Amino acid sequence: MGKIFAFYGPSASGKSEIQRELTVFGYPKIITATTRPPRSHEEDGVHYLFMTTEQFEHALAEHSFIEWTSYNGNYYGTLKASIEEALRQDGKAHIVLDLAGVLALKQLYADTVAVYIGANISTITRRLKLRGGAADETESRIQKAEQHELSIEYTQHADVIVWNHDGVDFNDTMLRVRNIIAGNQTD
Ligand SMILES: Nc1ncnc2c1ncn2[C@@H]1O[C@H](COP(=O)(O)OP(=O)(O)OP(=O)(O)O)[C@@H](O)[C@H]1O
Ligand SMILES: Nc1nc2c(ncn2[C@@H]2O[C@H](COP(=O)(O)O)[C@@H](O)[C@H]2O)c(=O)[nH]1
């Protein structure tokens, strides 16, 4: 049976970059679904399964998700089928969720490893402003980070914490993450 590494943390802490690198190293990514519009570089079936609200609500009515949430006015959810597929394989798969999603996954699959990817607020602010997009959404992401996602209440559920703010060499971040997945380091 496979094992799942669930990454969570504030916006722009580097979760997607880490996932991208892990797929290069052959670790399969579990793709979640969203109704958020794709960013300019994002592809359907690679970054997310991009759905219309109608498609998402239909899947919800069919009980296709093991968990789902609403964030900044968009739905996000984890398809039961994608988790089952990952677990059928013997390898180690990774997924990006919020804390509630991680806890829901852990409840179903107790050996899920929760990996918090953090970055300080100045890094988050800088990276989000660089990403561009709607100013009110950027502000909301910064506020969520400041008020919740950097708090001890949020980080305390992690099995392991990795800080990836400006000044941390991304190669070192990846080395740590790969060691965690290989089982060489858990704290
Ligand atoms: N160690 C690092 N040093 C410098 N820049 C980084 C580092 N890690 C990630 N970044 C950059 O920060 C930006 C945000 O990263 P990424 O999209 O992976 O964050 P995220 O946590 O997935 O964000 P979100 O939850 O908002 O989707 C990207 O432009 C990425 O290239
Ligand atoms: N509970 C879930 N949270 C999810 C899922 N897919 C992504 N996310 C989280 O949503 C926010 C916003 O993501 P973004 O791509 O718009 O920046 C972030 O915290 C993700 O980790 C999911 O299926 N379930």
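Author: This is a predicted model.

Reader: Which residues come nearest to ligand 2?

Author: The shell around ligand 2 holds 15 residues.

Reader: How many residues of the shell around ligand 2 are charged?

Author: Sort the shell by class. Six of its residues are nonpolar and six are polar. The charged residues in the shell around ligand 2 number three.

Reader: Now ligand 1. Which element gives the most to the shell around ligand 1?

Author: There are 13 residues around ligand 1, and S11, G14, K15, S16 and E17 come nearest. The elements giving two or more residues to this shell are α1 (15-24) and α8 (170-182). With three residues, the element that gives the most is α1.

Reader: How many residues of the shell around ligand 1 are polar?

Author: The shell around ligand 1 divides into three classes of residue. Three residues are nonpolar and four are charged. The polar residues number six.

Reader: Is strand β7 mostly covered or mostly uncovered?

Author: Strand β7 spans residues 113-118, and six of its six residues are buried. On one side these are V113, V115 and I117, and on the other A114, Y116 and G118, so both faces are covered by the cut-off of 20 or more other C-beta atoms within 10 Å. Strand β7 is mostly covered.

Reader: Which residue stands opposite V115 in β7?

Author: Strand β1 (residues 3-8) runs parallel to β7, and four bridges join the two. In this pairing, the residue opposite V115 is F7.

Reader: And which residue of β8 stands opposite G118?

Author: Strand β8 (residues 160-163) also pairs with β7, in the parallel sense and over four bridges. The residue of β8 opposite G118 is W163.

Reader: What does the UniProt annotation call residues 2-182, and how far apart are the end C-alpha atoms?

Author: The unreviewed UniProt entry annotates residues 2-182 as "domain: Guanylate kinase-like". Over that range the chain is 45% helix and 21% strand. The end C-alpha atoms of residues 2-182 are apart by 13 Å.

Note on methods:
Residues are numbered from 1 along each chain as its sequence is written. Chains are lettered from A and ligands numbered from 1 in the order in which they are written. This is a predicted model: local features need pLDDT of at least 70, side-chain atom pairs count only at pLDDT 80 or more; totals for chains, interfaces and linings use all residues. A residue is near a molecule or strand if its C-beta atom, placed from the backbone, lies within 6 Å of it. Ala, Val, Leu, Ile, Met, Phe, Trp, Tyr, Cys and Pro count as nonpolar, Asp, Glu, Lys and Arg as charged, and the others, Gly among them, as polar. UniProt positions are given in the numbering used here, feature names are shortened, and annotations may be inferred rather than shown by experiment. A residue is buried if 20 or more other C-beta atoms lie within 10 Å of its own, exposed if 12 or fewer, and partly exposed in between; C-beta atoms are placed from the backbone. Two strands pair if DSSP finds at least two bridges between them.
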